[in-house]
Amino acid sequence: MARKKIYMALLAVSLAGAALVLGCSEEVGPGRDDPWRGVTRYPDHTNHAHLYKADKFEDGPSVTMACLECHPQAADQVMATSHWNWLGDPETVPGHDKPVRIGKLNLINNFCISIEGNWPKCTKCHAGYGWKDASFDFSVKKNVDCLVCHDGSGLYDKGESGIPPKDVDLLAAAKSVRRPTRDNCGYCHFNGGGGNAVKHGDLDGSLAKPVERIDVHMGRLNLVCIDCHKTRDHKITGRMVSVSATNTNQVGCVSCHADKPHGNERLDGHTEALACQTCHLPEMAVKEATKVAWDWSTAGQDIGADDPHKYLKIKGSFIYAKNLRPEYFWFNGSLERYLKGDLIDPEKVTQINRPLGSIGDPNSKIWPFKVHRAKQPYDVKYKRLIVPKTVGKGGYWTDFDWIKAAELGGEASGLPFSGEFGFTETEMYWRLSHMIAPKERALQCVDCHGDSGGMDWKALGYDGDPAYVGGRSRKRVVSMAGGTDK
């Protein structure tokens, strides 16, 4: 213990003397780390206020048809994206022989579980109009929703099946169109899971107009989503680990920043094993609480007034939290992925999308994650997760009957239900990249190292805290594993 204290004291003096707190970049000279080189300068957007012949639009598809008069290629472009199809390109999922296309269309999660059988509610956030059941025609151009991404009025809204309510002024929305802003992207992404801040942990309504303490890029520099998630032909770069299994089409800090941006050997050495976000995203859910646990097994009870942050009869029990330190895992960009119909061991925790990587993998870095833990229904006989129908006639939220909900959900998803159900524990991982703090708030040495540090070094594969003499070197581990420490 005495040796540890002496070491930490010497380390603190060394870092203080050189002004080398994590996140500090005062030593960076001109041209070394110039993040503005990666930010696109857009020309002024065309004012559309006087371009429409109609004095009223009756429905969303009518607006789309007007848009296509001047942008005839736009619908075809949108229909080639995952925002439209809710499927990605074919990819290899560990444990499965053939490449598969996965996405919101066919995946199971541990929030509202699946869209299959529940389309009207889920497709409120689809970039289209009228997806109410499995018969939706993805080839109809007029059903592309231009306004959800381009409305500048702030008054546009979508209801069930993505159809705007009758009181939405579609002409005003059409006249206001602009490049997508945080409000446009956030309409769906801030509210994933059915409410503000539910799913992501680093995406919620506080990012619409954040102060820099919440997010330095958006709050101080006023960046918008498409500054990082660059878009060409309506294809947006970036993928969520919740709906993918491979490391393709990604956005990263090095898209704008240098890979060793600090101008100091000690700090830049951390980038060999740490993602930038690990130090520069010290907390998630900075302002709005995010859901970290959901127990479906308690649903259906009359136990008092519903509280959306604790209990809802239709959904069960929840735990929300904010200002949370993330959990840390090695991650090489690929994931295991539970696919519909996969077998489970109900006595163990089922990993919905476990990040892959290890200390001995040269392509891995330690990343921050939100982990959402749940208890959800499974088929006792077939030993697989159930896709329940929750919405509408016969749905659990209507009749509070798990048997009926599982039967109807099985019909919609193609998973026959045995008639016996139980509840099993699951975990789902959400990689964190938003809510980047100002450098002054980045993690410091003692936040990770020492007796009060927040890292579980042994769980990460080290013999102990690598800051101390005798801590196992990652370079040595990679070398022993036959990799190359890059």
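Between which strand and which helix is the loop that holds glycine 395? The loop runs between strand S9 (384-385) and helix H13 (396-399).

This is a predicted model, in which local features need pLDDT of at least 70 and side-chain atom pairs count only at pLDDT 80 or more, while totals for chains, interfaces and linings use all residues. Residues are numbered from 1 along each chain as its sequence is written, and side-chain values use heavy atoms, with hydrogens and water left out.

**Figure 1. Overview of the protein.** The secondary structure consists of 16 helices and ten strands. Helices (H or I, at least four residues) and strands (E, at least two) are DSSP runs, numbered from the N terminus. Of the 486 residues, 47% are buried. Buried means under 20% relative accessible area, exposed means over 50%, and partly exposed lies in between (1.4 Å probe, protein chains only). The protein exposes about 23,800 Å², and carbon and sulfur atoms supply 53% of this area. Accessible areas come from the Shrake-Rupley method with a 1.4 Å probe; for residues, only the protein chains shown count as cover. Among contacts with a separation of 6 or more, 71% are between residues 24 or more positions apart. A contact means heavy atoms within 4.5 Å.

**Figure 2. Glycine 395 and its contacts.** Glycine 395 is buried, with a relative accessible area of 0%. Leaving aside residues up to four places away in sequence, glycine 395 touches Lys389, Thr390 and Phe400. Its C-alpha atom is 5.2 Å from that of alanine 405, a residue ten places away along the chain.

Figure 3. Side chains of opposite charge can pair when their charged atoms come close. A salt bridge is a side-chain nitrogen of Lys or Arg within 4 Å of a carboxyl oxygen of Asp or Glu, and the structure holds twelve of them. In the one between glutamate 272 and lysine 260, the closest N and O atoms are 2.9 Å apart. Glutamate 272 lies in the loop between helix H11 (265-269) and helix H12 (276-280), and lysine 260 in the loop between strand S2 (235-236) and H11, so the pair ties together parts that are twelve residues apart in sequence. Glutamate 272 is partly exposed at 28% relative accessibility, and lysine 260 is partly exposed at 29%.

**Figure 4. The salt bridge of lysine 313 and aspartate 302.** These two side chains meet in a salt bridge with an N to O distance of 2.9 Å. Because lysine 313 is in the loop between strand S4 (311-312) and strand S5 (316-321) and aspartate 302 is in the loop between strand S3 (290-295) and S4, the pair ties together parts eleven residues apart in sequence. Lysine 313 is partly exposed, with a relative accessible area of 22%, whereas aspartate 302 is exposed, at 67%.

**Figure 5. A network of salt bridges.** Glu327, Arg373 and Glu427 are linked in this network.

**Figure 6. Two residues with positive phi.** Serine 161 is not a glycine, yet its phi is positive, at about 60°. Serine 161 sits in the loop between H6 and helix H7 (170-175) and is buried, with a relative accessible area of 7%. Asparagine 323, also a residue other than glycine, has a positive phi near 55°. Its place is the loop between S5 and S6, where asparagine 323 is partly exposed, with a relative accessible area of 38%.

Figure 7. Arg182, Asn184, Gly186 and Cys188 are buried in H8. The buried residues of H8 pack against helix H6 (147-150), H9 and helix H10 (225-228). Arginine 213 is in the loop between helix H8 (182-189) and helix H9 (216-219), and is partly exposed, with a relative accessible area of 39%.
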